[in-house]
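Open the model in your viewer and keep the selection panel at hand.

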Amino acid sequence: MTRKRLGILISGRGSNMAALLMAARNPAWPCEPVLVLSNKLDAGGLDTARDYGVHTAAIDHKIYGKDREAFERAVDAELKKAGVEMIALAGFMRVLTPWFVNEWAGRLINIHPSLLPLYPGVDTHQRCLDAGDKVHGCTVHQVTAGVDEGPVIGSAEVDVLAGDTPATLAARVLKAEHLLYPRCLAAVARKGGTRAREDSVVDGVTVRLYAPKG
Ligand code: GRF
C-alpha cells in the first residue's frame with residue numbers, strides 16, 4: 001500500500017491533529033502526515049506535531065491583510081513543496097476562498113463539531129443546548145465553497161446529558177471527533193467505503209459512529 005501524503009492545517013491546540021498523528025503510527029493507516037501547517041505562529045499544536053517528529057510550518061495570515069488568496073497561495077506552495085496529496089483541516093480557523101477549495105477539490109476534508117446540516121459555523125455546543133437537543137456530535141465532510149456544507153463522509157453522535165454546559169458537551173464531542181476523523185480520512189484515502197453504525201465507549205463516553213470502516 002502506498003500511503004497518501006497528508007497535510008494538516010491547524011490554528012490552535014491541535015487535538016484532532018494529534019489523533020491523526022497517533023493513527024498514522026499504525027502502518028496500516030493509509031495516510032502519512034508529512035506537514036502540519038498553522039496560520040498562528042504560537043499554535044500549541046505545532047509543538048505537539050514536532051514531538052511526533054512531523055515537519056511543521058507557520059504562515060501568519062495577518063501579513064497578507066485582506067488578501068485571503070495571497071495567504072492561501074503561500075499555504076498552497078508549502079503544501080505542494082511537501083508533496084501533500086490530501087489535506088485535513090483540524091481546527092483551522094480561516095474560511096477558504098473558492099480558489100483554494102477548487103485547487104484541492106475532493107482532497108480537502110474538515111471536521112466540524114455538530115451534526116451537520118445542524119449548526120454550521122461557530123458556537124455549535126451552545127446552539128445545541130439552546131435548542132434543547134437530546135443528541136449532539138460531529139461531522140467529517142468534504143470541503144466545498146459553502147462553509148460547512150460539503151458532502152458528509154461520516155458523523156458521530158453523543159447524548160446531551162442533564163446539566164451539560166457548552167464546555168462539558170464540547171469535551172464529550174471531542175472524544176467522538178478523535179474517533180471519527182482517522183476513520184473518515186482512511187476511507188477517503190482508500191477511495192470510499194459505505195457508512196455503517198458502530199457503537200464505542202471512549203473514556204466513559206458512548207459514541208455512535210456512522211462512518212466507513214477505517
Ligand atoms: C474541533 O472541535 C473541531 O471540530 C473544530 O475545531 C476544534 C479544534 O480542536 N473544527 P483541536 O484544535 O483539534 O483540539
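Predicted model: local features only at pLDDT ≥ 70, side-chain atom pairs only at ≥ 80, totals over all residues.

Residues are numbered from 1 along each chain as its sequence is written, and side-chain values use heavy atoms, with hydrogens and water left out.

**Stop 1: the shell.** You get Arg13, Gly14, Ser15, Asn16, Gly91, Ile111, His112, Pro113 and Glu177. Two are nonpolar, five polar and two charged; Gly counts as polar here. Now colour by DSSP runs (helices H or I, at least four residues; strands E, at least two). Helix H1 (15-23) and strand S5 (108-112) each supply at least two shell residues.

**Stop 2: the polar contacts.** Show pairs of N or O atoms within 3.5 Å. In the side chain of Ser15, an N or O atom is 2.5 Å from a ligand oxygen. A backbone N or O atom of Asn16 lies 2.8 Å from a ligand oxygen. For Gly14, a polar backbone atom is 2.9 Å from an oxygen of the ligand. On its own the ligand has 360 Å² of accessible area (Shrake-Rupley, 1.4 Å probe). The protein covers 85% of that.

**Stop 3: helix H6.** Select residues 166-189, which make up the 24 residues of H6. From first C-alpha to last, H6 reaches 33 Å, close to the 34 Å expected at 1.5 Å a residue (1.5 Å times one less than the number of residues).

Notes. Near = heavy atom within 4 Å. Polar contact = N/O pair within 3.5 Å; in protein donor to acceptor, adjacent residues only side chain to side chain.
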